[in-house]
Amino acid sequence: MLMHREMMPVREYLDFRVEVFSVHAAEWVVHASCPLGETRSTTAVPIDRARIDQLVAELDTRTISAGACFELGTLLGGLLLPGEVLDLFRAAFPANTDPSQGIRLRLIIRDSWAASLPWELAHVPLTAAGESTPYLAVHPAVSILRHEALPAPQPMLEATEGPLRVLCASARHLPGLDPLNATDLAQPALTSLAELHVERLPDPVSASSLEEALCTPWDVFHFAGHSLRRPRIDGTQMAGLAIADDRGENALLSADRLALLLQAAKVKIAVLGTCNPNQGLGEHRLALGTFLVEAGIPAVVIMQFPVEDSHAAAFSLAFYRALSAGASLDESVADGRRTILELGILTDWSAPVTFCRSTRDTFFTRRGDTASGHTPSYRAGHAGMGPTEDTQGWDVLRRLCEQWEPSASVDERTEITRLTTLRRATTGPNSAHISALVKTLGEAYPGAVPENELRTKLHLLDRRKLAALVREANHNLEEENRNELSRFIIAGPRPAEASYRLQRRPVADLIERSPTAHGKLDYHLRLAFGLYDVGDYKQSTAHLIDRLESSHRNNGLLTVPEHALLFYYLSKSLLKLNRYSELLSVLEGPYRKLSHSVLADLEVERLHVAGVRHRHLGELSPAQTCFERAIGTLKVTPEAAREPAVLSSLGDSWVLLAQCRLEQALDHSMPLIVREAALASAEDALHKGTAQFTELRRVTGVATHYEGRLNGTHAYTTLVSSLIRVNSVTAAMWDQALRFAEAGFTPERDRKPFGIVAGKFALSSVLLACARWHCLARDGSGSTQARAHIAQALTLLKSLRTDHMEGRRVHLGPQFEIPKIELSTRTANELAARQDITSTDLWHEMASREAVWSPLV
């Protein structure tokens, strides 16, 4: 019988690192290290791969005998701990008399075939006499972890004090997949654990329900269902979970999307009870676990082959009972293994595989353990570099800003020449034609080649074949040039003349893409951008600084477009965190060097962020200068002005300028004539911005999330007009302003988290201003309606605190956003508590609180 978890002593583990290399079929190299020393063993004997593969296949089909299982374990043990490595392992092995000590085999497998093997079945004689021992994975003093060696710091997490929050999702019955009858995790035996809070999503889980649930923090994510692999365009395989789409059909939640969701929810452990009906035991089954750990999830527990439902349930119950009681991840998995083993099962206990790079022993502690001294010793820290107040992260960023230089100052002509030599773009059935197409257009760059001339050179009689050839070339340029991000594209016939040309993709076009659309982008950047998109600016900043430092340290690694996106998102994240000093270092350091020497159109985005920074600091004249300069930069030829990316940037520039002028109109220290002029200027800028977004909709047929800011600014214009001259606004104008304000953050699925916060804040401001109008313009006759508006505004402001500030759905800046929300909340509370809200003096004092009436972005 297993000893009750609370009666067991806390075990501290010694790390024994084992790196496995397979040089070739006849040579097997293992390097081991631990605090006692290190050694290297090279076994120059043939590896019986055929026999191992046969036994693994029997294991996967559940036809393996006890004798064959033992044989497989012996073969694996001999490969994992050969010769001198075994001697070092025996020397490090804890004495049987010390139940508080253990040894952790941290496996770093650098061979694809070896990575697919079930090392959890390995066993070796622990004494020189060769006496019989159990399998290593079920030995009470042994833990086995898979460790992914990555060019990033190991996660060092602070232990969470209970209760342990577990989000359970399953998709057990999907069309086209074998049904699963896995026991519901929320069974009474599990939910009765005092230190465990379990929430289960409806089965089958959908992408929308999962994304909504993962908007709040969870300690553990548990999934029961199928895993899938589907081919990408480039021929590689994309792993993920099988979930339901909106119609109830099976769909793939890709590994990168899952990683972003788990990162946003601050998940520490992902437990994946998955099986794939179309693959056997192998590295692909574990690819999902490997991917999530590479993406920054601290720990992943995944099943490497299917197990009986009752055994999976038994493992889960033992695992969560131990984990919620304060046991380490190693001990919790070991408890689950031994529970299955006690059921008399031959191999199911070896199915769980633990991926973990964290140096922490204990992820969770019970309430009161810290005070009572029961918490095991550990090193506290933060995931990644983590630029928090108690780390050196900000110093690292400042140093990088001083030292960073573009790897090469290349002009477009040089870049085009390089692009035309890329033979990756010449694959496919029309490779010779594509090669000639790119060469011809490259030689003509930046001019256009008439269609008739191009068809003659390519020997194409049919113009439709030319169009098809251009489409294929574009596809190859986008999909097969890794990390190039289609910096140049082949433009089709221009409206004015039948001609073709090579055209550089605007930086704004790259920025407009969602992180998941950048399929060829550096993964760590894509992860950081995804974290930004879900409102986790602190983690996004940490990842971006880590990536910038590693690229600088290794003299490159990132392409020019990747650097452009990095500085764009880094500057925006720093702005959201109100790190104004560090932001200035980025804007005037590497961001400026890149935009001035390499990518001129990146300057517009730099000016936008710089302008908003000045506005946050109350420096309206410099802010206005930045926005006007951005507009001047974007005033290009009429043809280029029709580009969607240019339309979007220009529209946003006008809207940002309008917001700046609205704030000037709110300045009570200015004469009325100046305030009215600022308001008129804001209305003019807003009109021009609206025209750009209207044209954008006409060209693309779709809206952009920047229109949320546009709608909110329309509402603020009415608000500011009422504060300058209360009788200049009518009831119809207020109705329109309220509709604009609500459209600023709805539908929420089309808005980013921070945009939703800013939109709700805008609506609360408009409601308070409308209440003022009801009290003053109508001589107090609208006080009832005014109170209703005040109550609605207060509800919105409180929801911002509970949903976004306390719930941490999105990080809000401590110097700008949070003080504005708190001042508005205090203002609404004061108004709600007043007996008489029709006093002119009252509303005059309220109108002087400029932060209540100005935009949050």
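This is a predicted model: local features need pLDDT of at least 70, side-chain atom pairs count only at pLDDT 80 or more; totals for chains, interfaces and linings use all residues.

Mentor: One term before we start: helices (H or I, at least four residues) and strands (E, at least two) are DSSP runs, numbered from the N terminus.

Trainee: Is Thr 347 buried or exposed?
Mentor: Buried. The cut-off is under 20% relative accessible area. Thr 347 has 9% relative accessibility, so Thr 347 counts as buried.

Trainee: And which residues does Thr 347 touch, not counting residues up to four places away in sequence?
Mentor: Leu 59, Ile 64, Cys 69 and Phe 305.

Trainee: Let's zoom out. How many helices and strands does the protein have?
Mentor: The protein has 34 helices and 18 strands. There are 857 residues, and 57% of them count as buried.

Trainee: What share of the contacts with a separation of 6 or more comes from residues 24 or more positions apart?
Mentor: That share is 71%.

Trainee: How many residues of S13 are buried?
Mentor: 5 of its 5 residues, which are 299-303.

Trainee: Which way do they point?
Mentor: Ala 299, Val 301 and Met 303 point one way, and Val 300 and Ile 302 point the other way.

Trainee: Where else can I see that?
Mentor: Look at S18, residues 499-504, where 6 of its 6 residues are buried. Ser 499, Arg 501 and Gln 503 point one way from S18, while Tyr 500, Leu 502 and Arg 504 point the other way.

Trainee: Which strand is joined to S18?
Mentor: S16, residues 449-450, through 2 bridges, and the strands run antiparallel. Pro 450 stands opposite Ser 499 in S18.

Trainee: On to helices. How do H20 and H23 pack?
Mentor: H20 is residues 560-576 and H23 is residues 602-616. They pack at an angle of about 10 degrees, with their axes 10 Å apart. That angle makes H20 roughly parallel to H23.

Trainee: Which residues meet there?
Mentor: From H20, Ala 564, Tyr 568, Ser 571, Lys 572 and Leu 575. From H23, they meet Leu 602, Glu 605, Val 609, Val 612, Arg 613 and His 616. The contact divides into 6 nonpolar, 2 polar and 3 charged residues.

Trainee: What about the loop between H20 and H21?
Mentor: Asn 578 is in that loop, and H21 is residues 580-588. Asn 578 has a positive phi of about 60 degrees although it is not a glycine. At 0% relative accessibility, Asn 578 counts as buried.

Trainee: Which other residue has a positive phi without being glycine?
Mentor: Lys 266, with phi near 60 degrees. Lys 266 lies in the loop between helix H7 (255-264) and strand S12 (269-275). Lys 266 counts as partly exposed, at 36% relative accessibility.

Trainee: Where's the cis peptide bond?
Mentor: Between Asp 203 and Pro 204, with omega about 0 degrees. Pro 204 lies in the loop between strand S8 (196-200) and helix H6 (207-213).

Trainee: Last one: H27. What should H27 span?
Mentor: H27 has 29 residues, 672-700, and should span 42 Å at 1.5 Å a residue. Its end C-alpha atoms are 42 Å apart, which agrees. Just after H27, Gly 701 takes a positive phi of about 80 degrees.

Trainee: And what covers the buried residues of H27?
Mentor: The cover includes helix H26 (644-665) and helix H28 (707-724). Among the buried residues of H27 are Arg 675, Leu 679 and Phe 693. H26 is mostly covered too, with 20 of its 22 residues buried.

Conventions:
Residues are numbered from 1 along each chain as its sequence is written. Side-chain values use heavy atoms; hydrogens and water are left out. Buried means under 20% relative accessible area, exposed over 50%, partly exposed in between (1.4 Å probe, protein chains only). Axes are lines fitted to C-alpha atoms, for helices over the stretch in contact, and angles run from 0 to 180 degrees between N-to-C directions. Angles under 35 degrees count as roughly parallel, over 145 as roughly antiparallel, 65 to 115 as roughly perpendicular and the rest as oblique. Contact means heavy atoms within 4.5 Å. Ala, Val, Leu, Ile, Met, Phe, Trp, Tyr, Cys and Pro count as nonpolar, Asp, Glu, Lys and Arg as charged, and the others, Gly among them, as polar. The expected span of a helix is 1.5 Å times one less than its number of residues. Two strands pair if DSSP finds at least two bridges between them.
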